[in-house]
Structure formats: C-alpha cells, structure tokens
Amino acid sequence: MNRFRILLQNIKRGVVTEKYPLEPIRVPESFRGKPVIDVDKCVGCGACVNACPPNALTLEEDLNEGIRYIKLFIGRCIYCGRCEEVCPFDAIHLTKEFELATTSKDDLYQIVGLRMYKCPICGKPYTTIRLVKKVIDKLPPEERSLVLICPDCREKITAANRSFARR
Amino acid sequence: MQQFSDSKIGDLLKKLGVFGTTSIVTPNTILINNVDDKLYDLCRLLIEELDAYYSTSIGVDERPLNGSFAVYHVFVADKLGLYILVRLEASPSHPIVKSITPIIPGADWAEREVMDMIGVKFAGHPRPYRLILPYDWPSNIYPLRKDFDYNDKYPIKDKIDKVIHGSTEYVVDKEVLEEEYTAVPIGPYHPALHEPEYFEVYVDGEKIVDARYKGFFIHRGIEKIAETRLTYDQVPFIAERICGICGFTHSTAYCLAVENAAGINVPERANYIRSILLEIERIHSHLLWMGVAFHLLGYDTGFMIMWRIREKIMDLAEELTGNRKTYGANIVGGIRKRFDISEEKIPYIKRLLNSVKEEYLKYIDKIVSMTEIRKRTREVGILTHEDAKKYSVLGPHARASGINTDVRKYRPYAAYSEVDFKVPVRDEGDVYARIIVRHEEVLESISIISQLLDNLPKTPLRAEFDFIPEKRIGIGCTEAPRGEDLHFVITGYGNKVYRWRPRAPSYNNLASVPLMLRGEKLADAPIIIASIDPCFSCTDHVVVIDIKTGRRRKLVSR
Amino acid sequence: MSSLYRKSLWVFHLNTGSCNGCDIEVLNAFTPAQDAERFGVKLVGSPRHADAIALTGPITREALPRVIRALQAVPEPKIVVAIGSCACGGGIWHDSYSVLGGVEKLYEILEKKGIKRPITVFVPGCPPKPEAILYGILLARGMVKQKQKGRIYVESESAELMISKDLIESVKEQVMSSKISRKQVEKITSIVR
Amino acid sequence: MFKLLYILINLFGLLLLAPILDGLERSIKAKLQNRRGPSLLQTWYDLIKLFKKNPGSTGTPRFLVRYSIYLSFTTLLIACIIMPSIIPYSYSFIGDIIVLVYLLISSKIFLILGSISSGNPYSLVGSSREVSLSMLAELIFAEIISVFAITNNSLLIEELFPAKIFKPSLICSLILLFFIGYVESTRLPFELGEAEPELSGGIILEYTGLDLAFAYYSVLIRRIIYSTILINIIIPGNVFIHPILYLGCLFLLTIIYSSIEASFGRLRIDSALSILNKAVLIGGGIVVAAVLGL
C-alpha cells in the first residue's frame, strides 16, 4: 500500500509549480546572468577579451573609420564572470537577467565602438582615445608625452635616439 | 627514490631491474622509464602484487621536448595511495609500441584513442580500429600532435551515410547475429538516454543475445582546445563543460593535477568550499539519476518526486555559485572570490539540507519497496565481483558489486581527510544494489556538508604563487558521482598546459554494459544501461546510431 | 504558425554534442517546479511526432548526418529552439576541429542542400535556467514579448576633443626634437601594453 | 427518426468526450505529481493541431501503414454506433454484442498490421508486445461478454444493458471488465506497446500529423468504449436519468483510472502476461460459475 501512501503525501504537499511567466521568479543576489558593458566606463583596453574563455568577447578594429569595436556575443558566453573580475575600470557586470531568448541572432550582440586615437606622427590609429586619456591622467606631466605616439613610431624614435646617443 | 627502496614497490622494481630508471615526480606519483621488454612482467606484478589497477593510457607528442612520442600507462595502487606511471617511448619515424591490451583488456579503448589522436601504433592490439574520430576524418591526420592546428576544419564530405562500426566489440560473430536475430538500436537519439549514444542490441524475441556500443558522437576536441587556445586559468571552465552533471568534479581534478605538478598548497578554506560544492553536486547527480531510473521503470510519479526534491538542491547551488550547475568556482590555486560562502548563508544551507533530507526519507523507502520496482531491479543486470575487478569498474557501480573503493576515503583530496563518513558497499551487483548504494551516498553527502560547514576555516581563498614550472607531470584524482575521475597534466610554456587528459569514470564503466545486458529482457535494457549512470559526454569529452540510418532499414526489410 | 502552436507544442529533444547541462535543464522544465505541460508542451520520443526541436550542444562532425536526418523527419511547419550557448553560437568549442559551431553553421549546410531554414529561437545561457527555456519556447509561440535587444553603441566623433590639441602638438614637437630618454620610452610602452 | 438523432448524439458525444476525459486524466495525474498540469481541453488542442498538420511533408509512408490507421478508426466509429452510450438507444439486432467484440478486436488488428508493415524495429517490438497482450486481453473480454450473455440469457445489447439481476458471477465479471478496460486502454503499467522510454512510441512511431491524430484518437475512443460497456451494465436505462448518471460514472471512472496510473510503474512484458494469464483462468472460472447459474 506504499504506492498510495506516496500519492497521499503528494496530495498533502500540494501543487508546487511556480506562476512564471505570469509572475517573476526570485533570482538570488549572486546570480550570474547576462553581462552588460557600461558604455560610459569602457575604455576598450581588451583585458576582458584576453580573459574570456569562449571568445564571446572579441576585439575588432576598423582602421579606416578609426573605430575599435568590443563585441560581446552572449550567444557564446558561458557566464563565468571572468570579464567582470579582470576589468580594470569596472565597466562590465553580470546582471540578474536570464530571459535572453531572441528570434534573431543579431539581438544577441552588444557592440561598443570607441573612437581610436591617431598617432600624430604617422597618422595611424593604434588605441582608443579613452585609454590614452586614462593613462595620461595617471602619468606625471613630463612622461605623458610618449603615450600619445604609436608603438611603431616609439620604436623608431628609440632607435633614432640610440644611434644619436652612440654618435 | 630512496624512500621507496625498502618498500614492497622498491623490491618489485629492483627485481625487474628498473629501480634505477624510476623517479618520483610528485609525492604521490612515481614514473618508471625504460621498461623495454619487461613491460608485461611489470604490468602483471603491479596488478598481482601491489593490488594496483589499470586506469588509463595517455599519448603525448613530446617531439618538441625530447624528440619522440611517449605513451604513459597509469596504474593506481589504491591501498598505497600511489599513482604509478609507466612511460614508453616511440620514435617519431616509426611510432610503434607494445600493446598491453592482450594482458589488460581494460586498456582497449585507451590505446585505440592514442592511435586515433596521436598516431602511435600498438603492436599486438587485437582490435586496432578507429574509435573516436569521425569516419570521414582523413587517416593520416592526428589532432593531438603539436603540428596540428586546433581549428583546422577539414571539409565535410557530402556523403557520410556509410558508417563502419569499427569501434564495436563482437562476442558472437556479427554475421551470425544479423542472420538470426532482430537488431534493435537504442540511440543515438533515444528518449531514455538524453544523449546521443548508440547501443545496438541483438534480440531474439524479447531476450537480449548481445549488445554493441558505438559512442564518441560528442567528440568536441576539448583536449586540443585546452592545449592550444586556453591558458591555465581558462582551462577549468572548459573542464567543467566535459559534463554538465558532474562538471565541478572535473574542474577540481584539473586544478588538483596542476597544483600537484606545480607544488601549490591550496588554502584550507578553498579546500572546504571545494568539498562542499562537490558534495552538493553529488546529491543533485544522484537524485537526478534516481529520477531518471524511476522514469525508465515507467514510474513517472517517482521521477517527478525525485526531481521536485532535487529542485531545492539546485536552488542551493544557485544561491552559492550563481548558476544552477555549480560552474565557474574553481581556478588553479583555489576558489574564485565571488564563490566564497559567507557566514550568513550557513544557517540557510543547513536548514535547506535538513528539509531535503526529511522529504527525501519520506519517499525513498516507499518507492523502492514497490513491487514493480523491486521486480524490475532485483537480480537484473548483474555484474559479479570478479567481472567488476576485471573490467576495473569504478564508483557506485563497483561498490554495488562489492568492491570497497572511494577516492575520498583512500586517497583523500580537498577537505575529505577532515570529515567522517562511511563508504556504502553492497554485494548483490544488481540494479537494485546500485540504487541502494546511491541512496546511502546521498545521506552521507548531506552529513559531510554539515560537518564541513561547522568547521569552515578562515583563510584566504587562493594560494599565491609566481608561476607554474614547465615540463612537470601532475595527476589529479577526484571521486565523481560516477566514480574515480582522473586528470593527467604536463605543464607547458607560455602559461599553457602541454598535455591534459581527463579520464571520466564512465569510460571504464561503459565497457561492462554489454556484459550486463547479455541474457536480459529487452525491456530492461534501458534501466541496465542507465544503472551505471552513464555519462556519455564525460566519456567522449569531445562525442549515438540513429533510428533512421540506412543500416537499420536494411536490417529490417530483410 | 504561431496560431497553430499556441495551445499545443510537442518537442523532440536533440542532443548534438552537448555536455548534458542543457539536456538536464530541458528535462527540468517538465518537472513540478516549472511544469511546461501547463502550456501544452510535451516531450515526444520520435521526431515524426514533433512540432519543434529542442537542440542542445554544438553540432559535432560525427553527429551532423544524424542531426540533418532528425531535422528532416520533423513535419512542417517546424520550430528549432537552440538551447544554450553552444547551440546558439558554438560556445567554448566554436572553433574546434571536430565542431561545426552553432545552428547557424548547420543552416548553412542545409541551405546548400536546398532545405529551408526553419524558424529559430535562440536561448543563450550556460546552461539556461529552466524558466529561460520555458520563456524561449513561449517566445517561439508568440506568447511573451522579447526582452533582449541587440545594442550597438558608437562613440561620437567629439571624443577626439578629450585630449587637448595643444598637448598633442607639444608632444609632437618634443619628439621631433628628440628630447626623450630611452628609459621613459620603455616605461611608458610597458604601461600602455 | 428520433432514434437516428439519439445515435448521432451518442456518436458525436463520445467523439467529443473522449479527448476531454483524457485531458481530465492528465490534469489529475499532474496534480498527484505536485504539478499544475494542462487544462481539461489540452488533448483537444493537441488533436486539432495534429489535424491541421500535413503528414506528407516528411516523405510518404507506405499505403498500408497510413490506411490501416483510418480503417482502425472507422471500425471504432461503427462500434460507437452499435453501442448505446449517453442515450440508451442503439440500432439493435440479434447478436450485436458479438459484432461489438469483433469490431473492437479488428480495430486493434488493423493498428498492429499498419505498425508491422512500417518496418521499424521499435514498431516491430511494439506490435509483438501488443499482439501478445491483446490476445489474452481479448480472450478475457470474450469471457466477460459470455458471462453477460449467459446470466441475461440474451445476445442483444438492448436486453443486456443494464443488467437486471446482479448474480455473483456477473459482479465478478464486472470487476474483470474494470481491469480489462484498464489494460486495453494503454495506460501504465500495461502501456507496453508504446512504452516511451523503451520503444519511443512503439507502434505509433512512424505516424505524423493527421495520421498520428487518428492513431491517438482511436486510443482515446477505445478507452471510452470499454468504460461505456462497464457503466451501461450498472446504471438504469431511463432516457432522462441515464445521461447524467452516465457522465457522472465516466468522470468517476477516469479519476479512479488516473490515480491508479499515477501510482504504478511499467511492468515488464513477461510479468504483464503472467498477470493476464491468471486473469484468463479467473475469467474461465467465472464463465463456469455463470453456466452453473451462480
């Protein structure tokens, strides 16, 4: 008769089904849901791109337009939160959102395009303006100058300096 | 090696004259080199005298390191808490080594995997067929060689309809089988398995005559990705995705392997949290399995009850880790910061576990005492003690056949040496015993968690270390819900692993399935297959035959 | 189509190489806590009975021919619900040698064979919560509104004003007259990188 | 003229009720499993959806496979016409109860025939199970009907329904009918031919769309026919009370059946057959008792 006792216990327990989607469900504080890039804080340094295990975050540069794109494809994201951990500027966060279903793949992309800084010597864009600005603010005035020149030109200048010094 | 010179193992090695070429790689691992023609004697002595069992084989492309290929056979001496690696070398021009499958049948799959992935041939292997790679894969391309690019996608041939079952085992001759009996394919997309995997079951009416297994449909190339694209800190995230049920155990085993290789001491608190999360995973996995088992027995109410109880465990996992699958907490050296268990959560966890235990106990005895459940599980799918030893099966499957083995008890890792628990063992070896063993383990796990929560130490969460030294070998072993999970790591350059091979317990357990199926009723096939709690994605780490394949049609319209 | 499946949708679960995480969550959506059956969703054992396919996992090379066959066996009109990050975009395996990628890659192959692309709903997550899967299935039937929107932000050109022209000019002059020591260069190079 | 109307009411009443009863069953089962469950009309929604789907879109199954389903369904419809259900009237003729038994058996045979010719191994195993189950179940059913005939001394449905005197043998055979109604309605633990986890749909595996709808519908109608025979024996044949009592009993029976279903696991075919074997012997005993006038 155990089988009927099980049914009686079940009846006593009652229906446990939640009312979702008519009512929202409780999501814990620590939930790791959709990552969101804070477009005001992101400087496009690419630290998250290096840390991201599935390459959900990618970095693309449009050198003609002079724009660096940080692309977040949540359709590949594994919600590990490494990006949040490594971001030096606190610009990416995992939110509590989990209703991410879409009918089109395009809706799964978050793209942040940042203007790139062009090297005043060769005119080639090499990093974002925001990153240059952050670094400049941290450096003493006399050292600021070199951030504003692209790595290639910097190499050239060092080489030139070296030969100059030797001479 | 001096510490071993007077011990049993030292004597054994001296007898074979390989003591001089043996070295200690980590405190619990020794490596035997230059075995040459003494290989068979060594294997036999290790198994007979040391009571060690064969675990797995690993092929490594060591050409960039020392100019040759290498094969490592891993033996585990459970009672000594020791891993014994036997290293064989193969020259790059003629990569051939001696096969140990003739004396150790359990090495069959592992050796064929090495043949597929590295291209080292095994002389004397009885079934040297392709095992893992897809059948349209070019025959001279070996994915795990270092000169193979991980994202080299070979064009897919348009017609792959002809599937050769090279990976299967025949006990009765295949031709005879097809003539006389109906073949009922179970899988790859079979509702009982929820994973693409293929069992071809030969039946005479309703009685099973023989079974063949074809797996590795989920081969995703995990090892290659980990060795090329990912860094040390990223690998735990792919290790977790070997399996969606016991993922945390895989990432723990990986971290243990790297930590052993590099000699990193993990802080106590991280060890405790790892153990807590591992036990939560075990409870959820066992409850899930019981639910599926009852579903396969046609008792859907039991399935619903088990999963209803499990839902609370999932809520707990979500509360602690932010994800229902306890993913993401491990990192080499400890636990990530956001996965700390704060003081305020402890009473909540205890309350929840108590209510789960209470509700679980209210149902489980009544369900397993039901006549149909008992009839369909008692003396069904028997695996005897001897067969269990021969096939070196692991975990609850082995414990239900009377083998007392548990990594947590005999080779403690994480915080298991600090807690008190017993290892349930049954002698019947049938499906019923497997249910009871898992049932008792659930209760043990609940008690382990509360013991751990009581003494949660206050230390940092992650060990501080500068770098991970190169070319070191490390083995990490954990008790997954399905048995011993072994990870082998060789550390490499540029913050990347050189070689990483996970060996999931189902890899060993699956081999025993055809044995258990023989002579049983077709109706029992799903529950017997499921009784080992097969985790195909674990086994394949990277891998089913369809109802609609041409092959099957042919068999039928005959 | 949404009117046809508004009250009833039978789902066939197809694992194309998933790690089990999503499969378990799909099953979980049918258990008491979420109970997808209250929306008329049912799991069926044969693709021929199904209206929709719940596809989990990246498409592996080995599973491909079977996946195509299972997809063909589902009668029209069919819905594909790509569950989990692996099915949506290939996940952590997206560029491995034995994995094709997400469903999009599968459709490319189907289109070459002249098979129509079915209606697809993407449910990202790793694994998605059972509620998220339920939400995805309801979205496919037009019973809930889509919340996730793609977002493209491009900084305006005025960003260039952040760094004063004078500073740049002065640096240029400085460099042209080569007044910087090598040490400075190395230090700054390391900071920026 | 009225008679035709009554029979139409009966026929369409059963067609309408069968899916609703299934919906009720599903929802009760869900409640017993702590779920909210589907609405009462869910089975209707499922059927309507299937009716709208075109079965041809996945390749044309063989002629026999498809048409056996329609044959099976039509046979059941004729059974509905012969049998009084909501309103206790039917075209009656001598021996109509025998025809009813024949119709029920042949509808099953058509179904099995179709599934065998589909050639799918799962369907084959499913139909072999179904054949062995049905052989015994139909034998028991024949025994039950003969007890009815013997105790009432008639082969006319009009005279059999309802029973006039409840002899012990008749009551025993009613209990057996309750059991057989359960076995024949493909419910757990006897749902062996379709056993989803073992055979993934078994005998109905190959059908899609419209074909599947009719296969599914015939199972539902078969259930209601067995319940109707049981109820008709018990409740009075008055035109005014009968429909109400009939519906009440039908719902009650569904509730009982669904609670039984929720508390059992699937039997293995051999143990199911051994249970049925015992039932055949009991049935034989009851027939002997009925002959002896008990």
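The contact between chain A and chain C draws on 56 residues of chain A and 58 residues of chain C, two residues being in contact if their C-beta atoms, placed from the backbone, lie within 7 Å. On the side of chain A that touches chain C, the elements giving two or more residues are strand S3 (67–73), strand S5 (109–118), helix H4 (129–138) and helix H6 (151–166), where helices (H or I, at least four residues) and strands (E, at least two) are DSSP runs numbered from the N terminus. H6(A) gives the most to this side, with 8 residues. The structure is a predicted model, in which local features need pLDDT of at least 70, side-chain atom pairs count only at pLDDT 80 or more, and totals for chains, interfaces and linings use all residues. Residues are numbered from 1 along each chain as its sequence is written, while chains are lettered from A and ligands numbered from 1 in the order in which they are written.

S5(A) is joined to strand S8 (residues 151–154) of chain C by 4 bridges, and the two strands run parallel; strands pair if DSSP finds at least two bridges between them. Within S8(C), Arg151(C) stands opposite Gln110(A).

Chain D, in turn, has 11 helices and 0 strands. Its radius of gyration, taken over C-alpha atoms, is 19 Å, close to the 19 Å that the globule rule (2.2 Å times the number of residues to the power 0.38) gives for 294 residues, so chain D is as compact as a globular protein of that length. The C-alpha atoms of chain D fill a box of roughly 55 × 45 × 45 Å along the principal axes.
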